[in-house]
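Q: I've just opened this one. Can you walk me through it?

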Amino acid sequence: MKYLFSLLFTLILLQACKKNQIQAPVVPVTNNASVKFVNGEPNTTATYQFLLNGQKITGTALAYAGIFPGTVEYAAVQPGQATISITAGTDTTFTPLVQATVNLEAGKRYGVIWSGDMSKDPFVLVENRSQPVDSGYVMAQCVNLIQSNQTIDILSLPDSTVLFAAIPYKGVKDYIKLPYAGTYLVRETGTNITLAKATLSLSQTRNYTWYVRGKKYDTLATSKTKITLDYYTNGYPQAP
């Protein structure tokens, strides 16, 4: 009995000693907002910590394309107005490089994507859904993070059908139904200039957020800021 009490006390003490970090439940809760934090910085070598209302929420610094709390999971946070900020991944003082205020509604899922742009609106707040979809298909929305002011289209191969048209910088296009696997082109709107090509094989019946990031016209394969099409999962499907 003494051993059990000692063990429980030790566990409680260890939890209490985790300073400057929010304990982030990963199960969506109706009374909370569910949030996923994404490093959409175009530079492959940059790492960042996310802070929510001045408290570090990411366990470790997020590398290129890093996601917190996980591929499928979301952190449950208090709804309402919140201040999001980022710090350099190596900064142990957690001094914000940039911050912005967002409004989070209870019962909704969000992706907070750091764009790598320290000017106005450094984060893109994307409402995520998880709509039921037929076997063999996915639902996808798309965000353009190419720096800067480059409007893009997303096309499917081999027929070059335009799936998402004229997405402005930091713009978001709503969900469409797509086959779970395919090859896609990113093109500058109104031209035949191909900026990136990606072949995706996604989990059937899931919802996804696609995001395109990089520096304008940077298509060099060895570049640290080349344009790429990436994605994250919007959690498990929910009943309507």
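Q: Where is Thr 90 found?
A: Thr 90 sits in the loop between β6 and β7. Strands here are DSSP E runs of at least two residues, helices are H or I runs of at least four, and both are numbered from the N terminus.

Q: Buried or exposed, that Thr 90?
A: Thr 90 counts as exposed because its relative accessibility is 72%. The cut-offs are under 20% relative accessible area for buried, over 50% for exposed and partly exposed in between, with a 1.4 Å probe and protein chains only.

Q: How far apart are Thr 90 and Tyr 48?
A: They are 7.8 Å apart in space, C-alpha to C-alpha, and 42 residues apart in sequence.

Q: What sort of model is it, and what are the ground rules?
A: It is a predicted model: local features need pLDDT of at least 70, side-chain atom pairs count only at pLDDT 80 or more, and totals for chains, interfaces and linings use all residues. Residues are numbered from 1 along each chain as its sequence is written, and side-chain values use heavy atoms, with hydrogens and water left out.

Q: What pLDDT does the protein average?
A: The average is 87, and 85% of the residues score at least 70. pLDDT is the predictor's confidence in each residue, from 0 to 100. Residues 1-28 have a pLDDT below 50, and this stretch has 25 contacts in the model beyond near neighbours in sequence. A contact means heavy atoms within 4.5 Å.

Q: How many helices and strands?
A: The protein has 1 helix and 17 strands. Of its 240 residues, 45% are buried. Among contacts with a separation of 6 or more, 64% are between residues 24 or more positions apart.

Q: On to the cores. Which residues of the largest nonpolar core touch the most other members?
A: Phe 37, Phe 50, Ile 57, Val 77, Ile 84, Leu 104 and Phe 123 do, out of 23 residues in that core. Such a core is a set of buried Ala, Val, Leu, Ile, Met, Phe, Trp, Tyr and Cys residues joined through side-chain atoms within 4.5 Å.

Q: Which strands supply at least two residues each?
A: β1 (33-39), β2 (48-52), β5 (75-77), β6 (80-88), β7 (98-104) and β8 (109-114). The largest share, 4 residues, comes from β7.

Q: And what is Phe 37 in contact with?
A: Leaving aside neighbours within four places in sequence, Phe 37 contacts Phe 50, Ile 57, Leu 62, Gly 66, Ile 67, Phe 68, Ile 84 and Val 112. There is also a second, separate core of 21 residues, which includes Ile 154, Leu 195, Leu 202 and Val 212.

Q: Sheets next. What is the strand order in the mixed one?
A: The order is β13-β10-β16-β17, an open sheet of 4 strands. Strands pair if DSSP finds at least two bridges between them. β13 (172-179) and β17 (228-233) are the edge strands, each pairing on one side only.

Q: How do β16 and β17 pair?
A: β16 (residues 207-215) pairs with β17 in the antiparallel sense over 6 bridges. Tyr 208 has Thr 233 in β17 as its bridge partner.

Q: What about the antiparallel sheet, which strands form it?
A: 4 strands form that open sheet, in the order β12-β11-β14-β15. β12 and β15 (194-201) stand at the edges with a single partner strand each, so one side of each has no neighbour in the sheet.

Q: How many bridges join β11 to β12?
A: 4 bridges join β11 to β12 (residues 161-167), and the two run antiparallel. Ile 154 stands opposite Phe 164 in β12. Their hairpin has 3 residues between the strands, and Ser 160 takes a positive phi near 60 degrees there.

Q: And on the β14 side?
A: β11 pairs with β14 (residues 181-188) in the antiparallel sense over 6 bridges. In β14, Thr 183 is the bridge partner of Leu 157.

Q: Last one: where does Ser 156 lie, and what is it in contact with?
A: Ser 156 lies in β11 (residues 152-157). Neighbours within four places aside, Ser 156 is in contact with Thr 161, Leu 163, Thr 183 and Tyr 184. Ser 156 is buried, with a relative accessible area of 13%.
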